[in-house]
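Here are some notes to read with the model open beside you. Take the points one at a time and find each residue as you go.

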Amino acid sequence: MKVLVAGATGAVGGALVPALLQAGHEVVGTTRTPAKGERLRAAGAEPLVLDVLDAKATREAVERVAPDAIVHQATALTGAGNLKKFDEDFALTNRLRTEGTDNLLAAGVPRFVAQSYAGWPYAREGGPVKTEDDPLDPDVGKEARQTLAAIRRLEETVLGAGGTVLRYGGFYGPGTSLSRGGDVAEMVRRRKFPVAGSGDGIWSFTHIDDVAAATVAALDRDARGLYNVVDDEPAAVSVWLPELAAALGGKPPRHVPGWLGRLFVGEHGMNMMESTRGASNAKAKRELGWTPIWPTWRDGFRRGLG
């Protein structure tokens, strides 16, 4: 297929573009800067300088490219690390998830795959691991309400158009903030990422290579609907964070009481620390024919951080 990848120079694009090319697809990748376009050309893709928030330019570009499928991976997450200003940090990404999705869908390309997120959006009740049939959280905390609304809007819009939504877990691996030398990894290594409160919040992770592999599988299988793309082992913060610190050569993380953690990370941050839920990958494995390259973050943290 001829595949248009929106946001082809981000963390996902760095793994996805080569994976699509290796699978035999022709790739056109969007970027907002000509310099990054040269990286795409060097990788074997055709660069397209485009701001997907420009509705007219996006429609014209999609009609000109005439792709068989669009993969929407456009985000603006660089520097998004202040949990007390979560919605503020995600403001541009939220526009890309809403306006950008509308603009990309407007050209009527028959296959459409979009990035979403599995983890903190799920309702914080019931069992520790959620499936695609479980509801999202009715109240994620004041710091993240706009971001969850944008996620809901993206999912409803894409699914309503007959497309595919992939709810990825927390990214780690080369090119992400959770890689050797990455921003979050350095915070963990330097003991600036403590376990706050109980540390019982359950997280699901996805290595960036698995993000790419599952996305290619969704295209190749022409799968429609909603899929959690996560590894096999959801785990509590109190379990995975010390192991990540050890893998990075750092000391064990500090522990701080919940009241103190709330001062620094807010309500949403403490929800992630204490009560968020993980996600099941059973549907993706069954319907996409996908098996994680990195089945567990334990091995991935030791050998797959880059």
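1. Let's start with a term you will need: rings of Phe, Tyr and Trp pair if their centres lie within 6.5 Å, and for Trp the six-membered ring is the one used. With that in hand, look for the cluster that ring pairs build from Tyr172, Phe193, Trp203, Phe205, Trp240, Trp297 and Phe301. Please keep in mind that this is a predicted model.

2. How many aromatic pairs are there in the whole structure? A search finds twelve. A pair of aromatic rings is described by the distance of the centres and the angle of the planes.

3. Are they buried or exposed? Phe205 counts as buried because its relative accessibility is 2%, and Phe301 counts as buried because its value is 1%.

4. For a contrasting geometry, turn to Phe86 and Phe90. Here the ring centres are 4.5 Å apart and the planes are at 20°, so the pair is stacked. Both of these residues are buried.

5. In soluble globular proteins, nonpolar side chains tend to be buried together. The largest core in this model has 37 residues, and Trp120, Phe205, Trp240, Leu244 and Phe301 are those with the most contacts inside it. Elements giving it two or more residues include helix 6 (145-160), helix 10 (258-274) and helix 12 (297-303). Which helix gives the largest share? Helix 9 does, with six residues.

6. Leaving aside residues up to four places away in sequence, Leu244 touches Leu178, Val188, Phe301 and Leu305. Apart from this core lies another one, of 30 residues, with Val5, Tyr168, Ala217 and Ala218 among them.

7. Finally, look at the surface. Trp259, Leu263 and Phe264 make a nonpolar patch of about 420 Å². Phe264 is found in helix 10, and this residue counts as exposed because its relative accessibility is 61%, where the cut-off is over 50%. Compare the view there with Phe205, which is buried.

Methods. Residues numbered from 1 in each chain as written. Predicted model: local features only at pLDDT ≥ 70, side-chain atom pairs only at ≥ 80, totals over all residues. Heavy atoms only, no water. Core = buried A, V, L, I, M, F, W, Y, C linked by side-chain atoms within 4.5 Å. Buried < 20%, exposed > 50% of the residue type's maximum accessible area, 1.4 Å probe, protein only. Helix = DSSP H or I, 4+ residues; strand = E, 2+ residues; numbered from the N terminus. Contact = heavy atoms within 4.5 Å. Patch = residues over 30% accessible without salt bridge, like charges linked within 9 Å, V, L, I, M, F, W, Y side chains within 5 Å. Areas by Shrake-Rupley, 256 points an atom, 1.4 Å probe, with all protein chains shown as cover. Salt bridge = Lys/Arg side-chain N within 4 Å of Asp/Glu carboxyl O. Phe/Tyr/Trp six-rings, centres within 6.5 Å; stacked < 30°, edge-to-face > 60°.
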